[in-house]
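Q: Could you walk me through the strands in this one? I'd like to begin with what counts as pairing.

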Amino acid sequence: MKRKHLLFYTGLLCCSTLNAQHITVPGQPLEQALRSVEQQAGVSVYYSPQDVAGITVEPAEGEVKDLKVLFIRLLRGTGLNATVSGNAVYVLKNRYMVSQI
């Protein structure tokens with residue numbers, strides 16, 4: 001019995017450490033920023049290179065457990081949105097901004 005509890009508590013510690021991970025992304029070209037988030041958070045970020053080309057973003061920071069908030073900060077003013085689904089993040093053009101062009 002003790003072994004099972006030890007493994008359970010070890011698993012909780014591991015998960016809570018991962019969820020508390022802080023991510024810092026400096027101001028840089030968006031494509032580099034997305035790669036930085038991938039490396040720091042251990043997620044896959046999917047985007048069209050044409051959509052992110054030529055865009056530079058301001059510095060942003062956040063927690064792995066709040067990736068949506070981090071991406072809102074990171075993509076502010078770019079005309080792009082992020083959808084977080086498990087360990088995947090999809091960066092897409094904002095359909096409202098595209099329809100106004």
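A: Two strands are taken to pair if DSSP finds at least two bridges between them. This is a predicted model, and in it S44 stands opposite A88 in β7.

Q: Which way do β3 and β7 pair, and over how many bridges?

A: β3 and strand β7, which covers residues 88-93, pair in the parallel sense, and three bridges hold that pairing.

Q: And how do β6 and β7 run, parallel or antiparallel?

A: β6 and β7 run antiparallel and are joined by six bridges, with L80 having K93 in β7 as its bridge partner. The two strands form a hairpin with two residues between them, and G86 in the turn has a positive phi of about 65°.

Q: What order do the strands of that open sheet have?

A: The order is β3-β7-β6, an open sheet of three strands with mixed pairing. β3 (44-46) and β6 (80-85) stand at the edges with a single partner strand each, so one side of each is left without a neighbour in the sheet. From one strand to the next, the twist averages 20°.

Q: What lies across β3, β6 and β7?

A: Helix α4, residues 67-75, lies across these three strands, and runs at about 165° to β6.

Q: Switching topic: is Q28 buried or exposed?

A: Q28, which lies in strand β2 (residues 28-29), counts as buried because its relative accessibility is 16%, and the cut-off for buried is under 20%.

Q: Which residues does Q28 touch, leaving out those up to four places away in sequence?

A: With those left out, Q28 touches A33, S36, I55, T56 and V57.

Definitions and conventions
Residues numbered from 1 in each chain as written. Predicted model: local features only at pLDDT ≥ 70, side-chain atom pairs only at ≥ 80, totals over all residues. Heavy atoms only, no water. Helix = DSSP H or I, 4+ residues; strand = E, 2+ residues; numbered from the N terminus. Buried < 20%, exposed > 50% of the residue type's maximum accessible area, 1.4 Å probe, protein only. Contact = heavy atoms within 4.5 Å. Axes fitted to C-alpha atoms, helices over the stretch in contact; angles between N-to-C directions.
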